[in-house]
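Me: Please take a close look at a single part of this model. Start with the whole chain, then go through that part in detail.

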Amino acid sequence: MPFVRISLPKKLSLETKNNISESIHQSLIQEFNIPAADYFHVIEELETHQIKYPESYLGISHSDEIIYVQITAGQGRTLEQKKKLYHQIATRIASTTPILINNVIIILLENNGLENWSFGNGEIQEQKHLKK
């Protein structure tokens with residue numbers, strides 16, 4: 001049930017934006033075992049002056065094509081699954097778009113319990129409604 005917010009430069013092509021989203025989704029399917037239909041993404045296009053970043057942080061350089069990927073998901077994934085997910089997302093994006101791997105910033109926010117989700121009708125999500 002991940003919810004993904006992708007913040008990126010407006011100047012990127014529609015194809016690049018779509019490939020970024022698809023790269024993230026395919027990585028979530030592979031590493032977090034989510035259903036293919038569990039595809040809730042928001043692409044937030046920002047002007048260059050609205051994106052702040054250091055030229056270098058922790059020995060990793062960044063440029064004006066930096067993108068931020070914020071994933072909200074339920075708890076329960078192992079450290080190994082998270083490592084694999086981050087690697088898959090970054091390498092898929094770098095291989096399908098002009099975005100360099102060092103410009104992919106990923107933030108995972110975990111919440112606990114289905115009571116923190118509503119997928120419509122103003123109702124709390126229940127386990128019985130989740131199907132692959």
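**Helix α1 in its setting**

Reply: Residues 24 or more positions apart account for 71% of the contacts (heavy atoms within 4.5 Å) in the protein with a separation of 6 or more. This is a predicted model, where local features need pLDDT of at least 70 and side-chain atom pairs pLDDT 80 or more, while totals for chains, interfaces and linings use all residues. Numbering starts from 1 along each chain as its sequence is written, and side-chain values use heavy atoms, with hydrogens and water left out.

The protein has two helices and six strands, taken as DSSP runs (H or I, at least four residues, for helices; E, at least two, for strands) numbered from the N terminus. From that end the order is β-α-β-β-β-β-α-β. The C-alpha trace spans about 45 × 30 × 25 Å along its principal axes. Of the 132 residues, 33% are buried, meaning under 20% relative accessible area with a 1.4 Å probe, protein chains only.

Helix α1 covers residues 14-32, 19 residues in total.

The buried residues of α1 are Thr16, Lys17, Ile20, Ser21, Ser23, Ile24, His25, Ser27, Leu28, Glu31 and Phe32. Their cover includes the strands β1 (3-9), β2 (40-46), β5 (67-74) and β6 (104-111), along with the helix α2 (79-96).

After α1 comes asparagine 33, with a positive phi near 55°.

Notes. Expected span 1.5 Å × (residues − 1). Buried < 20%, exposed > 50% of the residue type's maximum accessible area, 1.4 Å probe, protein only.
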